[in-house]
Amino acid sequence: MEGRGASASGGVVDKSSPERGGGPRSGGGAARQRRSTAPPPPPCGWSPSPFRGGSQKDMAMTDARRFAPATARNREPIAAILRDVLPPEGTVLEVASGTGEHAIFLAQAFPNLAWQPSDPDPSAIASIRAWAEAARLPNLRPPLTIDAAAADWPVERADAMLCVNMIHISPWEATVGLMRAAGRLLPAGAPLVLYGPYVQQGVETVPSNLAFDADLRRRDERWGLRRLEDVVELAEGEGLRLEAVHAMPANNLTVVLRREG
Ligand SMILES: C[S@@+](CC[C@H](N)C(=O)[O-])C[C@H]1O[C@@H](n2cnc3c(N)ncnc32)[C@H](O)[C@@H]1O
């Protein structure tokens with residue numbers, strides 16, 4: 001089980017089994033080098049759905065589902081923060097929904113909100129669709145293809161936005177686009193909630209996050225843990241203000257920003 005992470009105000013606790021959104025898979029660098037002839041790993045370390053068997057129709061439906069073990073560990077703590085942050089009604093735009101597991105869980109947890117998942121990756125879109133087809137939730141919208149870095153998004157407004165584990169595993173331009181979109185799409189007072197690992201000024205970065213950062217940069221030089229201060233500065237430039245930073249399990253943070261009036 002995950003323990004408590006680094007306090008937003010300074011205390012640092014390292015974990016032996018950190019939760020990694022897109023983190024290194026078991027085996028580490030040496031193991032990866034030994035397996036260098038293998039095909040590249042899937043994005044974010046997703047696995048095929050463990051749900052197998054049943055009728056031909058069931059198989060066809062479940063095959064596209066992808067499974068990210070971290071979502072089962074972080075979804076409850078994320079939902080606990082969202083309960084105090086999300087509006088009572090309206091539409092939540094989730095950016096970088098990945099497998100779609102958070103979308104299913106959170107749409108169930110917040111039945112009065114319409115949940116709009118999105119991702120730029122076709123395999124993620126297929127996975128979200130497959131999970132949604134199985135869950136049949138009335139408040140879950142079909143997934144949208146959204147590249148956060150793009151200038152135009154196929155959305156005109158959102159009453160809240162959520163982005164879990166994207167900022168460190170995408171080029172900085174995706175974060176720039178995310179903040180611009182939040183400034184454009186959110187009405188005054190609406191929240192943008194971020195979840196993931198960060199580097200913070202004045203807070204010692206735990207060894208597991210340093211190793212994670214190095215691994216990300218090895219995989220793609222445009223990736224890596226961001227300085228929270230840089231992300232907040234970018235958000236402020238788009239008319240958002242920092243409301244809260246919550247320490248989360250496995251040395252992650254939940255960052256709550258709000259659109260200013
Ligand atoms: C580590 S996975 C996290 C997925 C999901 N939020 C979760 O926590 O399980 C990173 C996700 O970011 C998405 N992503 C990468 N670049 C992006 C971009 N430019 N715009 C939007 N999403 C992006 C990937 O397709 C992937 O689904």
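Residues are numbered from 1 along each chain as its sequence is written. Because the model is predicted, local features require a pLDDT of at least 70 and side-chain atom pairs count only at pLDDT 80 or more, whereas totals for chains, interfaces and linings use all residues.

The mean pLDDT (the predictor's confidence in each residue, from 0 to 100) is 85, and 78% of the residues score at least 70. Values stay under 50 over residues 1-18, for which the model has 44 contacts (C-beta atoms, placed from the backbone, within 7 Å) beyond four places in sequence; over residues 23-40, pLDDT likewise stays under 50, with seven such contacts.

Apart from neighbours within four places in sequence, C163 is in contact with V95, A96, L178 and L194.

In helix α4 (residues 101-109), the buried positions (20 or more other C-beta atoms within 10 Å) are E101, H102, A103, I104, L106 and A107. Their cover includes α3, β3, β4, α5 and β7, where helices (H or I, at least four residues) and strands (E, at least two) are DSSP runs numbered from the N terminus.

N165, in the loop between β7 and α6, has a positive phi near 55 degrees and counts as buried because it has 25 C-beta neighbours inside 10 Å. N251, in the loop between β11 and β12, has a positive phi of about 60 degrees although it is not a glycine, and its 26 C-beta neighbours inside 10 Å make it buried.

Notes. Buried ≥ 20, exposed ≤ 12 C-beta atoms within 10 Å, placed from the backbone. Contact = placed C-beta atoms within 7 Å.
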